[in-house]
Amino acid sequence: MLLSIDTNSKTVKGQKQGYMTGILYLAPFTLSGINLCPMAEKAKCHKACLNTAGRGAFNSIQRARLKKTQYFNNERELFMLELVRDINALIRKAKREDFIPIVRLNGTSDIRYENIKFNHNGKLSTIFEAFPDIQFYDYTKISNRRNIPDNYDLTYSYSGIAGYQKYVQIAINAGMRIATVFRNRSDIPETFLNMRVVDGDNSDLRHLDAHGVVVALYAKGKARNDMSGFVVG
Ligand code: SF4
């Protein structure tokens, strides 16, 4: 299976709101030999990446992510068709268990899926066109992703690095909500970047949040000790 279904404590919280979440976790940044996170060096998030949080701490999980990433890099068309099969399986499972299926493609990567077309039922389609009734969502550090279909919700991912601030401003100007990783709950202010702060740890259902707010997340995995400036506090 390419998709992991509710294996993350935060997406499990989404079940209380009626959602079942499938997440695709790949090997981030340059771990596979090809950079899947084009802004990671500028944001300095690669060392504190969530890739090492939760189940990602296990070597077996890291090996599986690397294998999936090599599949994505080397056999793109087959990979996308397998993703279609997995999303269909998620839809069936969610229906059986009375949940709304939702999909996050960049669990630990930052790929412009809106630009990836593959042959689906004899037609060149993106994954969003293949599933027009499914809500997709992601966090991204790419501030100029504008060609986004209606069923794909993006939250911009903040970093405190000085050289990254011009990209943050582009995202703010575009009205995106901004996810920010704070080191401790006690570091979380009521406003940040002149925007209202909302709790992002109660679920991963970002598409339900308003635009133009800061979504507060808490450092996990290696991020707890990050001193690069990516984590705030
Ligand atoms: S935090 Fe996001 S952009 Fe940064 S390395 Fe990890 S997956 Fe890539």
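Buried here means under 20% relative accessible area, exposed over 50%, and partly exposed in between (1.4 Å probe, protein chains only). This is a predicted model, where local features need pLDDT of at least 70, side-chain atom pairs count only at pLDDT 80 or more, and totals for chains, interfaces and linings use all residues. Residues are numbered from 1 along each chain as its sequence is written, and side-chain values use heavy atoms, with hydrogens and water left out.

Let's start with the rings. Rings of Phe, Tyr and Trp (its six-membered ring) pair if their centres lie within 6.5 Å; planes under 30 degrees apart are stacked, over 60 edge-to-face, and the rest tilted. The count by this rule is nine aromatic pairs. Select Phe-72 and Phe-79: this pair is edge-to-face, with 5.2 Å centre to centre and 80° between the planes. Phe-72 is buried, at 2% relative accessible area, and Phe-79 is buried too, at 0%. Next, pick Phe-128 and Phe-136, an edge-to-face pair at 5.0 Å and 85°; both residues are buried.

Now show Arg-76: its charged end sits over the ring of Phe-72, 3.8 Å from the centre. Such a charge has NZ of Lys or CZ of Arg within 6 Å of the ring centre and within 35 degrees of the ring normal.

Finally, select the ligand. Which residues surround the ligand? They are Pro-28, Cys-37, Ala-40, Cys-45, His-46, Cys-49, Thr-108, Ser-109 and Lys-141, each with a heavy atom within 4 Å of it. This shell divides into five nonpolar, three polar and one charged.

Terms used. Nonpolar A, V, L, I, M, F, W, Y, C, P; charged D, E, K, R; others polar.
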